[in-house]
Amino acid sequence: MRIDVLTLFPRMFESPLSCSILNRAQEASLVEIALTDIRDFAADSYRKVDDKPYGGGPGMVMMPGAVFDCFEHVQKLSPDKGRTILLTPQGQKFDQKKAAELSAEKRLILIAGKYEGFDERIRIGLDAEQISIGDYVLNGGELAAMVIIDAVVRLLPGALGDEDSAKDDSFSEGLLEYPQYTRPEVFRDMKVPDILLSGDHAKIAEWRKQRSLERTKKWRPDLLQNNKDKK
Ligand code: ADE
């Protein structure tokens, strides 16, 4: 998979992309992540990429010129057309299902903008899908792009040490994950449930399923409702 990110702040990505699973996945060539600075495509020597909104109002709006030029340059960097995604609080809410869907793509082109917004012609002209990572406003799309990259890359075959570990994640079956324990068997008077030490795999699987259901009902009943609505 190839992921291109168009951003005004490529340096924001340095640390998250160079640690842990994201680093390993790049080293293993499971994913190539390329950052392109939108400001390099600004028309003037001040590298100006935003301006005051027509009609008045606070803040600055990203101008279409640099974003279009940057996008057209990035598109040519690889033969796959890819799926173009604009990060914006106005987008469709990102979730595990969307992460799984995106992880099947050959190429993603993520466009991170300033929070005050993009000139509307960027959305229309690039025919981009809009994604939000939640109902709150970030200073820009960069952290949202990183969230998407993180959630997508861990689903690429081979990205996790243990092939099964993404399968059991919270949300992968529309439920929260069951409680997990590791050593020691007793910690500050809290004991690991006997069933997990029993070696009876069928019983353990049933116990985990019940605990998943129980905690989803208690902590995230909206997920159960969503599952029902989909059926
Ligand atoms: N840019 C600003 N806020 C955002 C959000 N919640 N999701 C995606 N991109 C954003």
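Buried means under 20% relative accessible area, exposed over 50%, and partly exposed in between, with a 1.4 Å probe and protein chains only as cover. Helices (H or I, at least four residues) and strands (E, at least two) are DSSP runs, numbered from the N terminus.

## Model and domains

This is a predicted model: local features need pLDDT of at least 70, side-chain atom pairs count only at pLDDT 80 or more, and totals for chains, interfaces and linings use all residues. Residues are numbered from 1 along each chain as its sequence is written, and side-chain values use heavy atoms, leaving out hydrogens and water.

The chain splits into domain 1 (2-153) and domain 2 (168-230). These bounds come from an automatic or database domain assignment. Over C-alpha atoms, the two domain centres are 36 Å apart.

## Strand 6

Strand 6 (residues 107-112) is mostly covered, with six of its six residues buried. R107, I109 and I111 point one way. L108, L110 and A112 point the other way. In a regular strand the side chains alternate between the two faces of the sheet.

Strand 6 has parallel partners in strand 1, over five bridges, and in strand 5 (residues 83-93), also over five bridges. Two strands count as paired if DSSP finds at least two bridges between them. R107 is the bridge partner of R2. L108 is the bridge partner of R83. Strand 5, helix 4 (residues 96-103) and strand 6 make a right-handed β-α-β unit. Right-handed means that, with the strands pointing away from the viewer, the path from the first strand over the helix to the second runs clockwise.

## Surface patch

F9, M12 and L143 form a nonpolar surface patch, with about 280 Å² of accessible area together. Areas come from the Shrake-Rupley method with a 1.4 Å probe. Patch residues have over 30% relative accessible area and no salt bridge; nonpolar side chains (Val, Leu, Ile, Met, Phe, Trp, Tyr) are joined within 5 Å, like charges within 9 Å. A salt bridge is a side-chain nitrogen of Lys or Arg within 4 Å of a carboxyl oxygen of Asp or Glu.

F9 sits in the loop between strand 1 (2-7) and helix 1 (14-17). F9 is partly exposed, at 43% relative accessible area.

## Backbone exceptions

Most residues other than glycine have a negative phi, and most peptide bonds are trans. R47 has a positive phi of about 60°. R47 lies between strand 2 (32-37) and strand 3 (50-51), in the loop, and is partly exposed at 33% relative accessibility. D127 has a positive phi near 50°. D127 lies in the loop between helix 5 (120-126) and strand 7 (129-132) and is exposed at 68%.

R183 and P184 are joined by a cis peptide bond, with omega about 5°. P184 is in the loop between helix 6 (142-153) and strand 8 (186-187).
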